[in-house]
Amino acid sequence: MQAVADATQSGRPGSFAALGPAFLTRLPATPVPDPYVIAVSREAADSLGFDARIAQDDEARAFADYFAGNPTREWPADALPYAAVYSGHQFGVWAGQLGDGRALTLGEVEHGGERLEVQLKGAGRTPYSRMGDGRAVLRSSIREFLCSEAMHHLGIPTTRALAVVGSDLPVRRETIETAAIATRIAPSFVRFGHFEHFYANERVDDLKTLADHVIERFYPQCRDADDPYLALLDEVSRRTADLMAQWQGVGFCHGVMNTDNMSILGLTIDYGPFGFIDGFNAHHICNHSDTQGRYAYSRQPQVGYWNLFCLAQALVPLFGANLPEEGRAERVVEEAQKMLERYKTYFAPALEATMRAKLGLDTARDGDDTLANGLLEIMHANRADFTLTFRNLSKMSKADAAGDAPVRDLFLDRAAFDAWAVQYRERLAHESRDDAARAQAMNRVNPKYVLRNHLAEQAIRQANEKDFSEVARLLDVLRRPYDEQPENEAYAGLPPDWASDLEVSCSS
Ligand code: AMP
Ligand code: MG
């Protein structure tokens with residue numbers, strides 16, 4: 001553990017921590033009694049240059065203490081972790097100051113030319129905790145851990161998770177649960193809400209410092225643009241559009257797309273009541289508390305745009321520094337609006353490319369979007385399983401209906417499916433790839449294994465009984481989401497009946 005502590009530096013030049021006290025508050029974590037290791041991701045450990053064996057055997061307790069935020073021998077007494085301040089719009093309403101209410105960043109680890117921040121989630125109260133207890137419960141920490149790593153293995157931009165450690169410390173939610181701390185990793189945890197914070201507080205110098213930090217570290221290509229801050233908005237739009245297209249492509253619902261949960265790097269961040277859709281409902285709402293459906297599956301891309309609008313608003317004081325004073329305000333708004341419009345030109349082609357790949361179409365032809373939408377419509381009408389429908393599509397043949405059954409059987413309305421299959425085969429006739437080559441390509445973009453709610457729930461139920469083996473097993477399956485894993489067929493199946501009334505609330 002000494003090597004881990006030594007590798008974790010806080011406040012080096014160019015780091016977020018070096019921005020100083022206007023941006024963060026340093027404070028120790030609040031210790032938890034007798035922490036234990038629940039799960040570790042060896043790939044995440046690799047990305048930090050840590051050996052995952054540091055969580056095993058004799059070292060397990062030291063690891064658990066360290067990543068629970070408990071004072072340890074290794075932790076340098078003069079290096080306190082920090083909580084960052086941000087604000088944001090929650091459910092479309094300005095919420096004012098929020099901030100890391102239960103997250104503490106230990107510092108940055110540099111490995112293989114990359115600098116990654118290491119953050120504990122659930123390590124106790126901070127000045128930004130408001131009414132909260134600074135804790136996270138076991139179930140939500142396991143869900144965040146598993147989904148972060150699952151997303152990474154799916155190839156979708158995300159914050160990562162190194163580990164989850166637990167403690168029997170009671171935590172009050174709807175019932176009494178126990179505490180857990182997830183260790184998250186990302187190049188940066190800066191959110192749209194960070195910018196909104198300094199804008200709302202009319203702290204333009206700090207706003208500029210933050211924007212310059214983000215450009216310098218993550219978007220250096222913007223430095224030389226006519227207007228670096230407009231260029232930043234454009235880059236963030238592009239990444240956000242790509243992320244939304246990728247979420248749509250795997251049937252992922254975030255659940256709480258507030259602006260404080262939007263990463264400036266276009267990463268999936270803050271896993272709460274998220275869900276992968278089982279039976280497809282285009283308007284699926286995964287967050288039980290989202291009564292209006294603001295963050296329904298079908299609305300996510302539009303919400304991404306709405307959130308970018310908030311970011312643009314926050315950046316307005318920085319735009320147009322080179323413009324003449326006369327008429328600058330109007331020009332800036334015009335330019336920002338024009339820039340925002342480009343989101344649509346990023347999102348639509350990204351989604352089309354995603355859907356084309358999912359359908360196994362190597363070339364682009366007019367009508368491809370109609371074909372894709374036609375499938376989604378009958379999937380919606382039949383509540384056909386999202387993951388299985390796309391996965392089984394690769395079994396269909398260009399020549400005849402011999403391979404249709406595995407996908408066709410997912411539809412109650414077989415006639416509707418057959419009608420779509422005729423169009424699909426007509427379209428496949430224009431493709432030069434043979435069935436085998438197409439299937440191979442499709443199986444690289446249509447996952448067989450996603451973190452279905454019932455799978456996470458099963459792992460959580462066992463973890464509540466102190467059996468953490470299912471968390472490890474599930475992580476192992478989700479490491480290879482695109483592979484056939486004959487021994488893990490059960491993890492690819494439809495949700496069992498008991499799972500039909502599973503609800504995921506905001507409480508975490
Ligand atoms: P979330 O909806 O989880 O993204 O959280 C929104 C805001 O509430 C963030 O500022 C969180 O840090 C804060 N928060 C959520 N849960 C807690 C908690 N248990 N204790 C303190 N702050 C919390
Ligand atoms: Mg959040």
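Glutamine 248 is found in helix H7, where helices (H or I, at least four residues) and strands (E, at least two) are DSSP runs numbered from the N terminus. The model is a predicted one, in which local features need pLDDT of at least 70, side-chain atom pairs count only at pLDDT 80 or more, and totals for chains, interfaces and linings use all residues. Residues are numbered from 1 along each chain as its sequence is written, chains are lettered from A and ligands numbered from 1 in the order in which they are written, and side-chain values use heavy atoms, with hydrogens and water left out.

With a relative accessibility of 9%, glutamine 248 counts as buried; the term buried means under 20% relative accessible area, exposed means over 50%, and partly exposed lies in between (1.4 Å probe, protein chains only). Setting aside neighbours within four places in sequence, glutamine 248 is in contact with Tyr297, Gln300, Pro301, Phe347, Leu351 and Phe386, contact meaning heavy atoms within 4.5 Å.

Helix H5 (residues 192–200) is mostly covered, since seven of its nine residues are buried. These are Phe192, Gly193, His194, Phe195, Glu196, His197 and Phe198. The cover over the buried residues of H5 includes strands S3 (82–84), S4 (87–90) and S5 (93–97), together with helices H6 (204–218), H7 (228–250) and H8 (300–315).

The crossing of H5 and H6 is left-handed, a term used if the near helix is turned anticlockwise from the far one by less than a right angle, with right-handed used if clockwise. On the H5 side, His194, Phe195, Phe198 and Tyr199 meet Asp206, Leu207, Leu210, Ala211 and Val214 of H6. Sorted by class, this contact of H5 with H6 has seven nonpolar, one polar and one charged residues. In that sorting, Ala, Val, Leu, Ile, Met, Phe, Trp, Tyr, Cys and Pro are nonpolar, Asp, Glu, Lys and Arg are charged, and the others, Gly among them, are polar.

The axes of H4 (residues 138–154) and H15 (residues 453–464) come within 10 Å and cross at roughly 130°, which makes H4 oblique to H15. H4 passes H15 in a right-handed crossing. Leu138, Arg139, Ile142 and Arg143 of H4 make this contact with Asn453, Ala456, Ile460, Ala463 and Asn464 of H15. By class, the contact of H4 with H15 has five nonpolar, two polar and two charged residues.

Next comes the metal site. The magnesium ion (ligand 2) is coordinated by Asn261 (OD1) and Asp270 (OD), at 1.9 to 2.1 Å; donors are N, O and S atoms within 2.8 Å of the metal (3.2 Å for Na, K and Ca), and water is not among the atoms, so sites may look incomplete. Both asparagine 261 and aspartate 270 are buried, and aspartate 270 has a relative accessible area of 13%. Aspartate 270 sits in the loop between strand S11 (252–253) and strand S12 (275–276).

The backbone of aspartate 270 also deserves a look. Most residues other than glycine have a negative phi. Aspartate 270, however, has a positive phi near 65°. Aspartate 34 is not a glycine either, and has a positive phi of about 40°. Aspartate 34 lies in the loop between strand S1 (24–26) and strand S2 (36–40) and is exposed, with a relative accessible area of 53%. Glutamate 202, which follows H5, has a positive phi near 55°.

Finally, alanine 22 lies in the loop between helix H1 (2–7) and S1 and is partly exposed, at a relative accessible area of 27%. Not counting residues up to four places away in sequence, alanine 22 touches Val85, Phe198, Arg203 and Asp206.

Definitions and conventions:
Axes are lines fitted to C-alpha atoms, for helices over the stretch in contact, and angles run from 0 to 180 degrees between N-to-C directions. Angles under 35 degrees count as roughly parallel, over 145 as roughly antiparallel, 65 to 115 as roughly perpendicular and the rest as oblique.
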